[in-house]
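I opened this model to look up a few things and note them as I went. The entries are in the order of looking.

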Amino acid sequence: MNSIKISDNVLNWYDANRRTLPWRYEQDQVADPYRVWLSEMMLQQTQVDTVIPYFQKFTAKWPTVNDLAKADLDDVLHLWQGLGYYARARNLHKCAKLIAEQFNGVFPTSPAELATLPGIGPYASAAIAAIAFNVPATVVDGNVARIVSRVFGFSAPIRHNQKHIYTAAESLTPCLRAGDYAQALMDIGSGICTPRSPKCNLCPLQQNCKAYKSGAPEAYPGRLEKPSIPTRYAVAFICINDKQMLLRKRTGQKMLQGLWELPGSDWYIDSLPELPEDIHEPYVDVKHTFSHFHLITRVMQVSEVDAEYLNGAELLCNIHDFDQLALSTLTKKLLQSQK
DNA sequence: AAGCCGGGGAT
DNA sequence: ATCCCAGGCTT
């Protein structure tokens, strides 16, 4: 009885506060599973306002999953550049080809089948089933985990409490309007039940929330002590000859695989790598932070690059054609530092 | 269970 | 600077 009231409150809030988004459908519309899937892949660890322009570019260039399946991975990475977690783009392309070639271009509707596809895990399989097909799956992302922890008064860190959180979330999930309910919870999580300074006075769950009643809702759920991240160091070379610049493609590495970068050293812990003695060019140190380390790169312009920094594959790119290659934010930052 | 994988927004 | 995010994959 209590749980029914909670989902009704959530859905009523959604009807009054629903935000229009390019991948969001009205109750009387039939959702396009391709757009729902694409949005979910982009929204992983990424905020809505960041995703919107990427979603527009992708759907304009590839309106259907069959179009995306026929694309080159290089082009997919190019449109993905700047969005981060590039394994998502590689899995996106792999999944599109699977759907096109083995599923006749039709997405499966059950969470279990969806979860077998690359890039689709426990969260996304439930979200796609609920939002695209109205399957009453229990959708638990970071927002929902935080809301549930607060409503039920769970003080444990999310990472150590996932089973309890899922069970509690399941007990609240309505049979009807599963997609609207899931999206409503995520809107509430990102806009009201925020990690810091939650806006409890605007929350449709206020009267059901143990964390609110405790007087310190922001203390739920507990946080894990986050380890400080190390700093790595590298050297990179800008080598321009006759309006062409030397670039190389990242292959083999896990990070930024498939993207183009400046030739340079590996990323060393502790200190800058030794430079050849004949290099005395002026330089700029550029700092960039990845998810698990800082990187300080010493950038310098040189007239030639030693073979040890080329790493095989290389490309002389016309400096006016950068916008045709997939570059990471780091590489863009290094190039920008010289202007 | 814990580590790896980007980048940007909010504070 | 620090924390967080519409997580999944790997070990």
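I am working with a predicted model, where local features need pLDDT of at least 70, side-chain atom pairs count only at pLDDT 80 or more, and totals for chains, interfaces and linings use all residues. Residues are numbered from 1 along each chain as written, chains are lettered from A and ligands numbered from 1 in the order written, and side-chain values use heavy atoms, without hydrogens and water.

**DNA strand C.** I listed the residues near the strand (a heavy atom within 4 Å of it). There are 26 residues around DNA strand C, and Leu 43, Gln 45, Asp 141, Asn 143 and Lys 226 come nearest.

I then sorted the 26 by type. I got 11 nonpolar, 7 polar and 8 charged. Here Ala, Val, Leu, Ile, Met, Phe, Trp, Tyr, Cys and Pro are nonpolar, Asp, Glu, Lys and Arg charged, and the others, Gly among them, polar.

Next came the phosphate oxygens of strand C. One is 2.5 Å from a polar backbone atom of Gln 45. One is 3.4 Å from a polar backbone atom of Pro 122. One is 3.1 Å from a side-chain N or O atom of Lys 226. Helices H2 (33–43), H8 (122–133), H9 (142–152) and H11 (178–191) each give two or more residues to this surface. Helices (H or I, at least four residues) and strands (E, at least two) are DSSP runs, numbered from the N terminus.

**Cysteines.** How many disulfides are there? I count 0, taking a disulfide as two cysteine sulfur atoms within 2.5 Å. The sulfur of Cys 200 has its closest cysteine sulfur in Cys 209, at 6.3 Å, which is too far for a bond. Cys 200 is buried at 16% relative accessible area, whereas Cys 175 is exposed at 65%. Buried is under 20%, exposed over 50%, partly exposed in between (1.4 Å probe, protein chains only).

**Arg 248.** I found Arg 248 in strand E2 (residues 244–249). Arg 248 is buried, at 6% relative accessibility. Its side chain makes a 2.8 Å polar contact with the side chain of Glu 261. The side chain of Arg 248 also reaches the backbone oxygen of Tyr 309 at 2.4 Å. A polar contact is a pair of N or O atoms within 3.5 Å; within protein, one must be able to donate a hydrogen and the other to accept it, and sequence neighbours count only if both atoms are side-chain atoms.

**Helix H13.** Which residues of H13 (residues 329–336) are buried? They are Leu 330, Thr 331, Leu 334 and Leu 335.
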